[in-house]
Amino acid sequence: MRLPILTLTAIVMQFVAADASAQTYDPRYPVCMHVYTPGGFGGGGGDYFDCSFTSLPQCRATASGRSASCDVNPYYAFDPPPPQPRRRHKNVH
């Protein structure tokens with residue numbers, strides 16, 4: 001009974017100790033290229049995101065001929081809207 005428990009514990013620890021994925025989107029750039037890599041079931045590979053583009057045309061030029069697509073970065077910190085102009089109140093005396 002001890003051996004199966006130790007084996008199961010070792011297997012679980014491998015999954016727990018596996019590398020965690022870092023944030024894939026860089027919030028400093030508005031466009032990301034999603035690169036698709038071959039792999040499939042147990043064949044390795046793994047898609048990744050390259051968020052280093054300032055425009056969709058720039059990203060599409062880089063993605064041309066590759067297994068990749070370009071999208072707007074959902075985590076990009078767009079400029080906030082300008083503040084509303086203040087209304088001046090007339091002094092009534």
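Aspartate 26 is found in the loop between helix H1 (2–16) and strand E1. Helices (H or I, at least four residues) and strands (E, at least two) are DSSP runs, numbered from the N terminus. The model is predicted; local features need pLDDT of at least 70, side-chain atom pairs count only at pLDDT 80 or more, and totals for chains, interfaces and linings use all residues. Residues are numbered from 1 along each chain as its sequence is written, and side-chain values use heavy atoms, with hydrogens and water left out.

The side chain of aspartate 26 makes a polar contact with the side chain of arginine 28, at 2.8 Å. A polar contact is a pair of N or O atoms within 3.5 Å; within protein, one must be able to donate a hydrogen and the other to accept it, and residues adjacent in sequence count only if both atoms are side-chain atoms. Aspartate 26 also touches Cys51 and Asn73, not counting residues up to four places away in sequence. Contact here means heavy atoms within 4.5 Å.

The protein chain has two helices and three strands. Along the sequence they follow the pattern α-β-β-α-β. Of the 93 residues, 14% count as buried. Buried means under 20% relative accessible area, exposed over 50%, and partly exposed in between (1.4 Å probe, protein chains only). The chain exposes about 8,200 Å², and carbon and sulfur atoms supply 59% of this area. Accessible areas come from the Shrake-Rupley method with a 1.4 Å probe; for residues, only the protein chains shown count as cover. Among contacts between residues at least 6 apart in sequence, 56% join residues at least 24 apart.

The three strands form an open sheet in the order E2-E1-E3, with antiparallel pairing. Strands E2 (48–53) and E3 (68–72) stand at the edges, each with a single partner strand, so one side of each is left without a neighbour in the sheet. Neighbouring strands are turned by 30 degrees against each other on average, direction ignored. Axes are lines fitted to C-alpha atoms, for helices over the stretch in contact, and angles run from 0 to 180 degrees between N-to-C directions. Two strands pair if DSSP finds at least two bridges between them.

Four bridges join E1 (residues 31–35) to E2. In this pairing, valine 31 has phenylalanine 53 as its bridge partner. Histidine 34 stands opposite phenylalanine 49. Five bridges join E1 to E3, and these strands run antiparallel. Here methionine 33 stands opposite cysteine 70.

Strand E1 is largely enclosed by the rest of the structure, because five of its five residues are buried. Both faces are covered. Val31, Met33 and Val35 lie on one side, with Cys32 and His34 on the other.

A search of the whole structure finds two disulfides. A disulfide is taken as a pair of cysteine sulfur atoms within 2.5 Å. With bonded cysteines counted along the chain, the pattern is 1-2, 3-4.

Cysteine 59 in helix H2 and cysteine 70 in strand E3 are eleven residues apart, and the pair links distant parts of the chain. Cysteine 59 and cysteine 70 are both buried.

Cysteine 59 lies in helix H2 (residues 56–63). Its relative accessibility is 0%. Leaving aside neighbours within four places in sequence, cysteine 59 is in contact with Val31, Cys32, Met33, Phe53 and Cys70. Cysteine 59 and cysteine 32 are 27 residues apart in sequence and 7.3 Å apart in space, C-alpha to C-alpha.

Both ends of H2 show local features. At the start of H2, a side-chain oxygen of serine 55 reaches to within 3.2 Å of the backbone nitrogen of glutamine 58. Just after H2, glycine 65 takes a positive phi of about 85 degrees.
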